[in-house]
Amino acid sequence: MNSIDDITLVAYVDGELDPATCAEIEALLAKNQDLRGKVRSLRESTALVRSAFNHVLYSPMPDFDTGREGVVVPLIASGSAGKHRQRVRNWWPRALPLAASLAALVVGASLGHHFTERGFDRELRNAGFSLSSKDESAIQNALIQGLEKELSGTRVAWTNPDTGHGGEIVPIRTFRLEDGQYCREFVDVRNVAGSTYDQGGIACRRTDGVWKVRVRYLPENGGV
Amino acid sequence: MIGLLPRLRRFAYGLSGSLDEADDLVQSTFERALSHIDQWQAGTRLDSWMYRILHSIRINRLHADNLRTKKLDDSDPDEQIGGDNAREMEAKLTLEAVRQFIWKLPEEQRTILLLVVVEGVSYKDVSDMLCIPIGTVTSRLARARLAIKDFVEMVPS
């Protein structure tokens, strides 16, 4: 790659590119000062745009008529309603600033945002389910494919016909740590026995090409 | 569902440039969403679906009412600067300038810009949401971003 068009550069700033293309751009940035300046300006103006409308979130809200009392719709619904509890979750915190450092996220997450290391498994176990090793390896494959190859927002589905379990991995943003490691946020959705469990995470790619999940967290309970 | 209110309102305000109009859009969005809840496909994101409804209501209104010029709240109480901290004032002025610039962008660029940058939606989800090819999303977005970059560079800091 010798030159970058604006579309690719903006996608790079947005963390929308796969790690390989990211690396090509980084290499180009390393030897081109003008390009570095352009990226810096893009990031600065993007940060301004990102915060320009936030005051609306905190300004007093009128009384909206939101219809029937107690209408509860899960953000990511399971296919069957059933009698399993439906969970309303707020995936909003996924919109992390590009430059978010992992450390900041972990601090944020541990301040009451349902930070959990293996909470997923515990939750499933409490509900009386366990994943088979075949489930686990299907999830692992989807995770690797999603993180390594897919554009953000692409859903990589997995199913295990033996257990009837399935789910999807959705890679979100790509960012780079100060030590140069590429990391990606992802959402891990699992459909087990008619219920849907979802969790967010961040995985980082080691220099040997192996993706390690560094943190897993439950989304904030938003919604109702 | 109620939890989506603040973000829908932010999106509506970004699109319309007026809090009154934003609140009106959000109210209509909820009414339509609740009466068409059976059209929402389980397994898809509710927030994306509601952004899409809000956007289509907005577009319909623009078409229906294209004589009306865009009105901007210039005496919005939320815009008042709290305290007399000079740095805060400066920051507000820059943000206000950025908002004004965004409101002057073509609607289709502004919509994509707000969804991606402010609301954190991925390119692919925007493409699905607005039913436009991903190449159109990326090119419109790049045009808007480059324009804003040039604008911010011009503003003396």
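Reader: A salt bridge is a side-chain nitrogen of Lys or Arg within 4 Å of a carboxyl oxygen of Asp or Glu. How many does the rule find across the interface of chain B and chain A?

Author: Two. This is a predicted model, where local features need pLDDT of at least 70, side-chain atom pairs count only at 80 or more, and totals for chains, interfaces and linings use all residues. Residues are numbered from 1 along each chain as written, chains are lettered from A and ligands numbered from 1 in written order, and side-chain values use heavy atoms, without hydrogens and water.

Reader: Which residue does Asp125(B) form a salt bridge with?

Author: Arg155(A), with the closest N and O atoms 3.8 Å apart.

Reader: And how many salt bridges over all chains?

Author: The structure holds 19. One of them joins Arg205(A) and Glu148(A), at 3.0 Å from N to O. Arg205(A) lies in strand 4 (195–205) of chain A and Glu148(A) in helix 7 (133–149) of chain A, so this pair links parts of the chain 57 residues apart. Helices (H or I, at least four residues) and strands (E, at least two) are DSSP runs, numbered from the N terminus.

Reader: Back to the interface. What area is buried there?

Author: About 4900 Å², with 65% from carbon and sulfur atoms. That is the accessible area (1.4 Å probe) lost on putting the two parts together, summed over both. In contact (heavy atoms within 4.5 Å) are 56 residues of chain B and 49 of chain A.

Reader: At what angle do helix 3 of chain A and helix 5 of chain B pack?

Author: About 95°, between residues 33–52 of chain A and 107–118 of chain B, with the axes 9 Å apart. The two helices are therefore roughly perpendicular, a label for angles of 65 to 115 degrees. Axes are fitted to C-alpha atoms over the stretch in contact, and angles run from 0 to 180 degrees between N-to-C directions.

Reader: Which residues meet there?

Author: Thr46(A), Val49(A) and Arg50(A) meet Leu113(B), Val117(B) and Val118(B).

Terms used
Parallel < 35°, antiparallel > 145°, perpendicular 65-115°, else oblique.
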